[in-house]
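User: I want to learn how to read a structure like this one. Please take me through it feature by feature.

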Amino acid sequence: MDAMEESTELSFGIASMDREHSRQLGLLNDLKAAVRGGADDTLVYALLNELVEHTNLHFLSEELSMRLHAYEAYESHLLEHERLLLEVQNLMRSLATGTATDKHSLIEALRSWLVVHIQSADKALAEYLIARAAKEAREER
């Protein structure tokens, strides 16, 4: 999937969510480029740490929205967030201890997981939030 296809397939009409996803994917692309370019582990670790911080904030934002709007799939969505963060923490540990032998495949696996999560769980959440907002707008009339 090229960048143009990705931007349309991963945008759902909720500006804050779309911006956060774009930033996450941008950070992953930066990380991938750094590894591909043979960057020092210190830079790779710093980029990964920035990705983790941004992802934590994004997940907190989504989790707040899910709670505020009584999202039925909250628990399963939360478990997916926890799973991704665990994978990222494992990658960070591997980098810190020098055991990450195939950084390319680890980063690509993270990227693939994130894209699938956005296209499935986050898309369902966005559709729910949009439908709920439309329903609330109709009820106000």
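Analyst: Begin with a definition. Contact means heavy atoms within 4.5 Å. Leaving aside neighbours within four places in sequence, E63 is in contact with Y74, L78 and H81. Keep in mind throughout that this is a predicted model.

User: Where does E63 sit, and is E63 buried or exposed?

Analyst: E63 is found in helix α3. The cut-off for buried is under 20% relative accessible area. E63 has 15%, so E63 is buried. For a distance along the chain, take E63 and A121: they are 58 residues apart in sequence, and their C-alpha atoms are separated by 12 Å.

User: Let me step back to the whole chain. How many helices and strands are there in the protein chain?

Analyst: There are 5 helices and 0 strands. Read along the sequence, the pattern is α-α-α-α-α. The C-alpha trace spans about 60 × 30 × 20 Å along its principal axes.

User: What percentage of the residues count as buried?

Analyst: Of the 141 residues, 38% count as buried. The chain exposes about 8200 Å², and carbon and sulfur atoms supply 54% of that area.

User: Next, the core. What is the general idea?

Analyst: In soluble globular proteins, nonpolar side chains tend to be buried together. Here the largest nonpolar core has 35 residues. L28, L31, L48 and V88 touch the most other members. The elements that give two or more residues to this core are α2 (15-36), α3 (41-68), α4 (74-97) and α5 (103-140).

User: Which element gives the most to this core?

Analyst: Helix α5 does, with 9 residues.

User: What does L28 touch, not counting residues up to four places away in sequence?

Analyst: L28 touches L51, I107, L110, R111 and L114.

User: Now the histidines. Where is H77, and is H77 buried or exposed?

Analyst: The place of H77 is in helix α4. Its relative accessible area is 2%, so H77 is buried. Not counting residues up to four places away in sequence, H77 touches E62, M66, Y71, H117, A121, D122 and L125. One of these, E62, also makes a side-chain polar contact of 3.0 Å with H77.

User: How should I set sequence separation against distance in space?

Analyst: Check both values for each pair. H77 and R36 are 41 residues apart in sequence and 32 Å apart in space, C-alpha to C-alpha. E82 and N56 are 26 residues apart in sequence and 9.8 Å apart in space, again C-alpha to C-alpha. E82 lies in helix α4. E82 is partly exposed, with a relative accessible area of 43%.

User: Which residues is H81 in contact with, leaving aside neighbours within four places in sequence?

Analyst: H81 is in contact with F59, E62, E63, M66, H117 and D122. H81 lies in helix α4. H81 is buried, with a relative accessible area of 1%.

User: What joins the side chains of H81 and H117?

Analyst: A polar contact of 3.4 Å. The cut-off for such a pair of N or O atoms is within 3.5 Å.

User: A polar contact can involve the backbone too. Which backbone oxygen lies 3.1 Å from a polar atom of the side chain of H54?

Analyst: The backbone oxygen of E20. H54 is found in helix α3. H54 is buried, with a relative accessible area of 18%. Leaving aside neighbours within four places in sequence, H54 is in contact with E20, R23, Q24 and L27.

User: Last, backbone angles. What is the phi of A70?

Analyst: The phi of A70 is positive, about 50 degrees, although A70 is not a glycine. The place of A70 is in the loop between α3 and α4. A70 is partly exposed, because its relative accessible area is 49%.

Key
Residues numbered from 1 in each chain as written. Predicted model: local features only at pLDDT ≥ 70, side-chain atom pairs only at ≥ 80, totals over all residues. Heavy atoms only, no water. Core = buried A, V, L, I, M, F, W, Y, C linked by side-chain atoms within 4.5 Å. Buried < 20%, exposed > 50% of the residue type's maximum accessible area, 1.4 Å probe, protein only. Helix = DSSP H or I, 4+ residues; strand = E, 2+ residues; numbered from the N terminus. Polar contact = N/O pair within 3.5 Å; in protein donor to acceptor, adjacent residues only side chain to side chain. Areas by Shrake-Rupley, 256 points an atom, 1.4 Å probe, with all protein chains shown as cover.
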